[in-house]
Amino acid sequence: MKKPETFEVRLASATMIAPTVRQLMFERVDDRPLDHDPGQWINLVLPLPEGECRRAYSIASAPDGSSHFEVAVTRVPCGPGSTYLHDLSEGSVLSAIGPHGLFTRAPDDPSPSLFVGTGTGVTPLRAMMQAALASGSKAPLWLLFGARFEEDILYRAEMEAFTRAHPHVRYTITLSRPGESWTGKSGYVQTHVPALLRELEAAGASAAPHVYVCGLERMVKAVRELCRHELGVDRKHVHTERYD
Ligand SMILES: Cc1cc2nc3c(=O)[nH]c(=O)nc-3n(C[C@H](O)[C@H](O)[C@H](O)COP(=O)(O)OP(=O)(O)OC[C@H]3O[C@@H](n4cnc5c(N)ncnc54)[C@H](O)[C@@H]3O)c2cc1C
């Protein structure tokens with residue numbers, strides 16, 4: 001595990017990737033690489049009018065030896081930290097502390113993986129997938145992503161490109177409030193975990209899958225309990241990160 005440090009980051013660029021999600025690309029002011037394990041998070045120190053506060057954000061990009069990294073922030077209604085980051089101007093400098101966290105996956109891990117993420121909970125899973133693919137890993141990497149509406153789907157083009165380029169990547173989207181034109185899966189992610197896990201077990205043959213779950217507590221708890229108690233997944237194979 002990498003040792004956390006304190007450093008300054010500059011907002012290099014930012015873009016809205018869904019109606020309530022802003023992706024921010026930061027660069028370390030000291031130009032050193034952010035040496036993190038895929039799946040880890042950092043604390044951003046935010047100088048709010050009511051006083052300084054710290055908020056945790058998963059690193060959405062794989063370590064690539066550069067000083068740049070991405071996070072994606074959901075704007076929470078009346079949330080001081082997320083509102084501040086949605087309004088932050090390019091060029092602004094903040095303090096950051098990290099990397100932190102044990103929700104990680106080694107890029108060359110050969111185990112089949114089922115990634116389950118809702119909303120910005122997909123970001124550490126994206127970092128894990130990017131890192132595994134960059135390492136040339138052929139482990140099955142299956143992502144189940146959940147959102148409310150079609151416009152809330154994050155990183156769709158990137159994930160679809162991964163599935164075209166890599167036969168061992170599979171990408172499933174489910175919407176809890178699909179529009180009439182939506183022909184894909186619907187309902188909560190937990191509805192689709194059992195079938196995907198059984199298929200992944202069959203595809204992985206000898207190795208038992210690991211399940212990585214990230215998002216808000218209610219979903220994370222539901223998927224964790226489903227995996228452990230109903231689907232018989234070894235507790236050491238269920239990895240979780242919650243945002244609330
Ligand atoms: C390890 C870790 C990693 C995190 N990574 C991310 C990330 O990559 N992207 C991100 O947007 N947030 C992430 N969060 C949540 C983030 O730290 C803040 O809690 C969030 O931005 C809200 O802060 P706030 O000051 O705006 O609102 P607060 O007043 O602090 O929070 C209000 C409420 O918002 C809810 N909430 C928190 N996060 C979310 C969310 N993502 N979507 C919807 N509701 C939420 C919670 O119920 C919380 O109680 C992470 C949290 C943890 C612990």
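Some ground rules come first. Residues are numbered from 1 along each chain as its sequence is written, side-chain values use heavy atoms, and hydrogens and water are left out. Because the model is predicted, local features need pLDDT of at least 70 and side-chain atom pairs count only at pLDDT 80 or more, while totals for chains, interfaces and linings use all residues.

**The annotated span**

An unreviewed UniProt entry places the feature "domain: FAD-binding FR-type" at residues 4-106. UniProt positions are given in the numbering used here, feature names are shortened, and annotations may be inferred rather than shown by experiment. The span is 8% helix and 51% strand, and its end C-alpha atoms lie 18 Å apart. Helices (H or I, at least four residues) and strands (E, at least two) are DSSP runs, numbered from the N terminus.

**Around the ligand**

How many residues surround the ligand? There are 20, and the closest are Arg55, Ala56, Tyr57, Gly81 and Ser82; a residue is near a molecule if one of its heavy atoms lies within 4 Å of it.

| Residue | Protein atom | Distance to a ligand oxygen atom |
|---|---|---|
| Tyrosine 57 | polar side-chain atom | 2.6 Å |
| Threonine 74 | polar backbone atom | 2.8 Å |
| Glycine 81 | polar backbone atom | 2.7 Å |

Taken alone, the ligand exposes 870 Å², and the protein buries 73% of that. Accessible areas come from the Shrake-Rupley method with a 1.4 Å probe; for residues, only the protein chains shown count as cover.

**Helix α1 and its buried side**

Helix α1 covers residues 80-87, and its buried residues are Gly81, Ser82, Leu85 and His86. Here buried means under 20% relative accessible area, exposed means over 50%, and partly exposed lies in between (1.4 Å probe, protein chains only). Why do these residues sit on the same side of α1? They cover an arc of only 135° around the axis, where the arc is that of the directions from the helix axis to the C-beta atoms. As background, an α-helix has 3.6 residues a turn, so residues three or four places apart point the same way. The buried residues of α1 pack against β1 (5-18), β2, β3 (41-48), β4 (51-58), β5 (68-74) and β6 (93-100), with contact meaning heavy atoms within 4.5 Å.

**Glutamate 27 in strand β2**

Strand β2 (residues 21-28) holds glutamate 27. This residue counts as buried because its relative accessibility is 18%. Its side chain makes a polar contact of 3.2 Å with that of histidine 68. A polar contact is a pair of N or O atoms within 3.5 Å; within protein, one must be able to donate a hydrogen and the other to accept it, and residues adjacent in sequence count only if both atoms are side-chain atoms. Leaving aside residues up to four places away in sequence, glutamate 27 touches Glu8, Val9, Arg10, Ala12, Ser67 and His68.

**Backbone details**

Cysteine 78 is not a glycine, yet it has a positive phi of about 65°. It lies in the loop between β5 and α1 and is exposed, with a relative accessible area of 80%. Tyrosine 155 also has a positive phi, of about 60°, in the loop between β8 (141-147) and α3 (156-165). Is tyrosine 155 buried or exposed? At 10% relative accessibility, tyrosine 155 is buried. Finally, the peptide bond from glycine 98 to proline 99 is cis, with omega near 0°, and proline 99 lies in strand β6.
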